[in-house]
Amino acid sequence: MAMEDDFLLDAEDDARAVEFIQSYLPQDLKDKFTEDDLYYILDLIAEYYTSSECLDAEPDEEGYINIDLDEVVDYVVKQAAKEGEKGPYAPEDVFFVVQGEMEYGDSLEEEIMEYIINKKENKYLEVLDIKDVQIKDMEEYISKWVHEIK
């Protein structure tokens with residue numbers, strides 16, 4: 001059952017990422033990428049992260065790992081052309097999708113930090129601008145994550 005729950009959470013996260021990216025894209029690019037294109041590109045981005053070992057790099061002083069967006073874009077464009085399932089995609093267009101995915105990740109990090117800070121201070125969670133369902137999912141995710149660390 002835990003594997004099914006993880007799959008559902010991943011699917012929900014992908015759906016939120018696609019929605020975020022759709023709103024992030026400049027108006028002239030919104031019609032260039034279908035929802036299926038965005039899911040496909042998200043899969044290629046994840047594939048890049050795991051195959052390039054960029055996430056194994058040493059974090060900087062602030063704890064961040066620097067990821068070269070141009071390298072990610074290059075990988076996505078080449079893989080899409082090689083696989084022939086979607087595309088072809090222009091690198092300058094894919095750049096906005098990759099940047100949107102990064103922004104989505106940053107927004108999640110901010111939401112989690114706000115959640116943790118508010119939880120510590122026992123404040124009501126309305127400060128977060130997210131739905132109750134997301135708060136419940138986040139509580140479950142964080143408690144599961146904390147439990148796994150212990």
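Rings of Phe, Tyr and Trp (its six-membered ring) pair if their centres lie within 6.5 Å; planes under 30 degrees apart count as stacked, over 60 as edge-to-face and the rest as tilted. This is a predicted model, where local features need pLDDT of at least 70, side-chain atom pairs count only at pLDDT 80 or more, and totals for chains, interfaces and linings use all residues. Residues are numbered from 1 along each chain as its sequence is written, and side-chain values use heavy atoms, with hydrogens and water left out.

**Exercise 1. Find how many aromatic pairs the whole structure has, then examine Phe-95 and Phe-96.**

Solution. 
- Step 1. The search of the whole structure gives 6 aromatic pairs.
- Step 2. Now check exposure. Buried means under 20% relative accessible area, exposed over 50%, and partly exposed in between (1.4 Å probe, protein chains only). Phe-95 is partly exposed because its relative accessibility is 24%. Phe-96 has a relative accessible area of 31%, so Phe-96 is partly exposed.
- Step 3. Look for a cluster. Ring pairs link Phe-20, Tyr-24 and Tyr-104.

**Exercise 2. Describe the chain by its helices, strands and buried residues.**

Solution. 
- Step 1. Set the rule for elements. Helices (H or I, at least four residues) and strands (E, at least two) are DSSP runs, numbered from the N terminus.
- Step 2. Count them. The chain has 6 helices and 0 strands. Along the sequence the pattern reads α-α-α-α-α-α.
- Step 3. Turn to burial. Of the 150 residues in the chain, 28% are buried.
- Step 4. Turn to contacts, meaning heavy atoms within 4.5 Å. Take contacts between residues at least 6 apart in sequence: 63% of them join residues at least 24 apart.

**Exercise 3. Which residues touch the most other members of the largest nonpolar core?**

Solution. 
- Step 1. Define the core. A nonpolar core is a set of buried Ala, Val, Leu, Ile, Met, Phe, Trp, Tyr and Cys residues joined through side-chain atoms within 4.5 Å.
- Step 2. The largest core holds 27 residues, and Phe-33 and Val-94 touch the most other members.
- Step 3. Find the sources. α1 (2–24), α3 (35–52), α4 (69–83) and α5 (91–120) each give two or more residues to this core. The largest share, 8 residues, comes from α3.
- Step 4. List the partners of Val-94. Neighbours within four places in sequence aside, Val-94 contacts Phe-33, Val-73, Val-76, Val-77 and Tyr-89.

**Exercise 4. Work out how α3 and α4 pack.**

Solution. 
- Step 1. Two packed helices are described by the angle between their axes and the distance between the axes. Axes are lines fitted to C-alpha atoms, for helices over the stretch in contact, and angles run from 0 to 180 degrees between N-to-C directions.
- Step 2. α3 and α4 pack at about 115 degrees, and their axes are 9 Å apart.
- Step 3. Sort the contact of α3 with α4 by class: 10 nonpolar, 2 polar and 3 charged residues. Ala, Val, Leu, Ile, Met, Phe, Trp, Tyr, Cys and Pro count as nonpolar, Asp, Glu, Lys and Arg as charged, and the others, Gly among them, as polar.

**Exercise 5. Is Val-76 buried or exposed, and what does Val-76 touch?**

Solution. 
- Step 1. Val-76 is in helix α4. Its relative accessible area is 0%, so Val-76 is buried.
- Step 2. Beyond residues up to four places away in sequence, Val-76 touches Ile-41, Leu-44, Ile-45 and Val-94.
- Step 3. Compare Gln-79, also placed in helix α4. Gln-79 is buried because its relative accessible area is 14%. Leaving aside neighbours within four places in sequence, Gln-79 contacts Tyr-40, Leu-44 and Glu-47.

**Exercise 6. Where is Tyr-64 found?**

Solution. 
- Step 1. Tyr-64 lies in the loop between α3 and α4.
- Step 2. Tyr-64 has a relative accessible area of 40%, so Tyr-64 is partly exposed.
- Step 3. Not counting residues up to four places away in sequence, Tyr-64 touches Pro-59 and Glu-109.
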